[in-house]
Amino acid sequence: MSNTTAEIISIGDEMTSGARLDTNTQWLSQRLGELGIEVPFHTTVGDTLQHNTDVFRIAAERADIVISTGGLGPTRDDLTREAIAEALSVPLEMHAESLEHIQNMFRRRGREMPERNNCQAMFPRGATPIHNPQGTAPGIDVMFDRSSGSRSRIFALPGVPAEMKTMFEQTVSPALLDRGDRRQHIAHHVMKFFGTGESDMEHRLGDMISRDRQPRVGITVSAATISLRIVATGDSPEICQSLIDQTREEILEKASEFYFGDGETFEQHHAVIRHLNQASQRLLLVELGRAAPLGDWFAAVSDEPGFTADVPAFVGGISLADLTDLQQWVGLPDDASAESCLTALQQRLKTDWVLLVDEYPSIHQTSEHPLPGGEVTFTVAAPDQTFPSQTLHLTAHPSILHARVAKAGLFWLRKCFPTL
């Protein structure tokens with residue numbers, strides 16, 4: 001599959017006008033790359049039939065796989081079906097099972113199906129419908145005969161990201177892995193890291209991130225958190241899992257000090273809550289300055305399965321402007337130290353740990369300092385009445401500065417935890 005190429009087509013006036021950000025193409029490119037499929041082309045096209053038809057013809061002639069998103073709805077500007085049919089020079093035909101599926105979805109919602117939705121059950125002759133378990137727009141799977149005599153395969157998916165992702169994972173990805181009489185399987189595993197940069201992580205991993213390695217290891221960074229996605233393909237799920245387990249152990253040998261957990265949505269605050277639950281301990285957060293992201297993150301964990309305990313680990317969060325306000329809030333004199341304030345909070349709120357962030361810097365940029373930031377001190381009040389602290393000079397783009405500060409605070413807190 002290493003020589004297979006793909007083109008991704010994003011359809012809609014809202015994309016070409018810039019009114020909506022195209023995240024579907026980014027996600028599909030990453031997934032195709034994990035399958036070993038090169039994506040040399042991205043195309044964005046508005047809601048004009050002739051333009052859509054031209055785009056599909058050009059894409060199918062130059063790429064082995066074409067995946068489009070959008071244009072499968074019931075309105076008059078949803079033209080993907082017609083464009084693919086014209087590119088193939090075939091008519092549209094009604095698919096009875098798809099029509100029944102759409103009708104049933106409306107019945108379950110207690111609504112009458114508009115006549116216009118009938119068009120969503122129309123497919124280019126020779127196409128196979130792609131089941132959409134979440135919406136009324138089935139996808140399209142059809143072969144295109146190239147002028148060279150070879151064939152390109154077109155997959156048309158809805159533009160709604162949740163529907164598109166489900167259909168890709170359940171139908172398109174397995175189809176791309178199906179190599180005749182040998183059915184390939186694919187497995188994903190995501191490891192999370194904080195405390196080092198992307199270039200350092202790449203240096204540590206070395207050849208592990210080579211594009212032709214099996215399993216593949218891809219690196220992505222979001223607000224200073226590094227995700228390593230391991231993607232294994234094999235003849236059985238067991239083989240895939242074995243390859244992932246081996247690769248995971250190799251990665252931990254190279255960068256275990258920055259690792260905090262596994263999973264696409266797993267973050268450092270999840271790791272902290274998990275540790276506290278295991279130790280039957282509680283945490284209070286005190287955030288000073290111009291933001292309080294930690295309080296939001298920890299409060300949200302209480303709604304997530306797997307992070308509850310008989311005694312909630314998260315006591316709560318306090319957000320104040322500066323240390324003076326904290327002294328007044330606690331009821332201590334102006335010359336009271338931060339440590340004294342934290343001790344008083346430990347006793348008053350019966351908490352084991354307190355993390356103080358002092359303080360979140362301004363995100364405003366200046367000509368002298370295009371990257372805002374400054375010195376931030378993290379102080380931890382531990383159960384043994386010690387107060388380990390760390391001061392860092394942190395800078396970042398305004399959109400991620402406060403998140404980076406908060407994550408650095410969690411990294412320091414986790415360092416202060418004893419090993420269970």
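What follows is a sequence of selections, each with a short account of what is there.

This is a predicted model, in which local features need pLDDT of at least 70 and side-chain atom pairs count only at pLDDT 80 or more, while totals for chains, interfaces and linings use all residues. Residues are numbered from 1 along each chain as its sequence is written, and side-chain values use heavy atoms, with hydrogens and water left out.

**Whole protein.** With everything selected, the C-alpha trace spans about 80 × 50 × 50 Å along its principal axes, and the secondary structure comes to 13 helices and 19 strands (DSSP runs numbered from the N terminus, helices being H or I of at least four residues and strands E of at least two). Of the 420 residues, 49% are buried, that is, under 20% relative accessible area with a 1.4 Å probe, protein chains only. The protein exposes about 20,100 Å², of which carbon and sulfur atoms supply 48%, the areas coming from the Shrake-Rupley method with a 1.4 Å probe.

**The five-stranded sheet.** Next, select the open sheet with the order β16-β15-β17-β18-β19, whose pairing is mixed; two strands pair if DSSP finds at least two bridges between them. Its edge strands, each pairing on one side only, are β16 (314-320) and β19 (389-395), and the twist averages 15° from one strand to the next. Zoom in on β15 (residues 283-289), which runs parallel to β16 and is joined to it by six bridges; here Leu-283 stands opposite Phe-314 of β16.

Angles run from 0 to 180 degrees between N-to-C directions, and axes are lines fitted to C-alpha atoms, for helices over the stretch in contact.

**The α11 and α12 pair.** Finally, select residues 323-330 (α11) together with residues 338-349 (α12), which pack at an angle of about 40° with their axes 10 Å apart. The contact (heavy atoms within 4.5 Å) is made by Leu-323, Leu-326, Gln-327, Trp-329 and Val-330 of α11 and by Ala-338, Cys-341, Ala-344, Leu-345 and Arg-348 of α12. Colored by class, the residues of this contact divide into eight nonpolar, one polar and one charged, where Ala, Val, Leu, Ile, Met, Phe, Trp, Tyr, Cys and Pro count as nonpolar, Asp, Glu, Lys and Arg as charged, and the others, Gly among them, as polar.

How values were computed. Buried means under 20% relative accessible area, exposed over 50%, partly exposed in between (1.4 Å probe, protein chains only).
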